Amino acid sequence: NQTIVSEFLLLGFSQDSEHQPILFGLFLSMYLVTVLGNLLIILAVGSDSHLHTPMYFFLSNLSFADICFTSTTVPKMLVNIQTQSKSITYAGCVTQMYFFMVFGGVDTFLLTVMAYDRFVAICHPLNYIVIMNPWLCGCLVLVSWFISLSYSLIQSLLMLRLSFCTNWVIPHFYCELAQALMLACSDTSVNHILQYMMTGLLGIVPFSGILFSYSRIASSILRIPSGTGKYKTFSTCASHLSVVFLFYGTGIGVYLSPDASSWRGMIASVMYTVVTPMLNPFIYGLRNRDIKRALQKVL
């Protein structure tokens, strides 16, 4: 029953035509907010020399990765809804899968690097400039891109060697790796082993590092004598951690869940592919006085 696959069918969220305009408007609005919010942060950081610091350098890279991460899935879904077509070519599916893994991996590493940056700034303020020097910051970003590009390339090449049966239906709104592997007729053990290994490397290890950094930050905050200073710092860290938990919790859950194609699985996928990139500009940037001041000068 094997044959040459030319395209896949993405079922999306609903087969009911009445729900399509609502879904189109909802995802289009979230996508526009994501792109606009992250572009404003990149513009603010690039235009103000006072923001050329490690924290804002990582933030601008995160904003760029978020724009690309969301752009790999949402525009294709919007086109399919508008044209009432569910198809995506085989080459388009593999390409979407590749860039999705690239920018998703960069996101995970950058969130970890930003947590480490805040840990050094709060727990070792006197040595901050020495530790977070431009060379280290550049290396951290380059390593994040290198690992993500390498893993995505290997996983995509492994996908190209698979043969598929006559069932080409992916019960998702984008070409999700685990769902595509379930359609293969050939042996996918190597793909699954690599997938679980990289889930640990890109998910569990960075998440553990973030928790460690923020636990040390919390212990340092408790030693602040000012009650106002404690409240302000705690509120900032709590908002950062809420986004981190949303991103890592739903992302790791989707990749480790045996039923990621269910309604709950797709909602979890939306949380870390669409909602988190939309919230990042508000949590990390637009609540920041320096970012607001830079945007006021530009606009």
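The model discussed here is predicted.

**Helix 2**
- Helix 2 covers residues 54-71, and its 18 residues should span 26 Å at 1.5 Å a residue.

**Aromatic pairs**
- The structure contains 17 aromatic pairs.
- One of these joins Phe 57 and Phe 58, whose ring centres are 5.7 Å apart; the planes stand at 50 degrees, so the pair is tilted.
- Phe 99 and Phe 103 form a stacked pair, with 6.1 Å from centre to centre and 15 degrees between the planes.
- Because Phe 99 and Phe 103 are four residues apart in helix 4, about one helical turn separates them.
- Phe 99 is partly exposed, its relative accessible area being 37%, while Phe 103 counts as buried at 10% relative accessibility.
- Ring pairs also link a cluster made up of Phe 27, Phe 69, Phe 100, Phe 173, Tyr 174, Phe 207, Phe 245, Phe 247, Tyr 248 and Tyr 272.

**Helix 4 with helix 6**
- The axes of helix 4 (residues 90-123) and helix 6 (residues 134-160) come within 8 Å and cross at roughly 150 degrees.
- An angle over 145 degrees counts as roughly antiparallel, and helix 4 and helix 6 are therefore roughly antiparallel to each other.
- The crossing of helix 4 with helix 6 is right-handed.
- The residues of this contact comprise 20 nonpolar and six polar ones, with no charged residues.

**Helix 4 with helix 8**
- Helix 8 spans residues 189-221; its axis and that of helix 4 come within 9 Å and cross at roughly 20 degrees.
- Angles under 35 degrees count as roughly parallel, and helix 4 and helix 8 are therefore roughly parallel to each other.
- Helix 4 passes helix 8 in a left-handed crossing.

How values were computed: Residues numbered from 1 in each chain as written. Predicted model: local features only at pLDDT ≥ 70, side-chain atom pairs only at ≥ 80, totals over all residues. Heavy atoms only, no water. Axes fitted to C-alpha atoms, helices over the stretch in contact; angles between N-to-C directions. Helix = DSSP H or I, 4+ residues; strand = E, 2+ residues; numbered from the N terminus. Parallel < 35°, antiparallel > 145°, perpendicular 65-115°, else oblique. Left-handed = near helix turned anticlockwise from the far one by under 90°. Nonpolar A, V, L, I, M, F, W, Y, C, P; charged D, E, K, R; others polar. Expected span 1.5 Å × (residues − 1). Phe/Tyr/Trp six-rings, centres within 6.5 Å; stacked < 30°, edge-to-face > 60°. Buried < 20%, exposed > 50% of the residue type's maximum accessible area, 1.4 Å probe, protein only.
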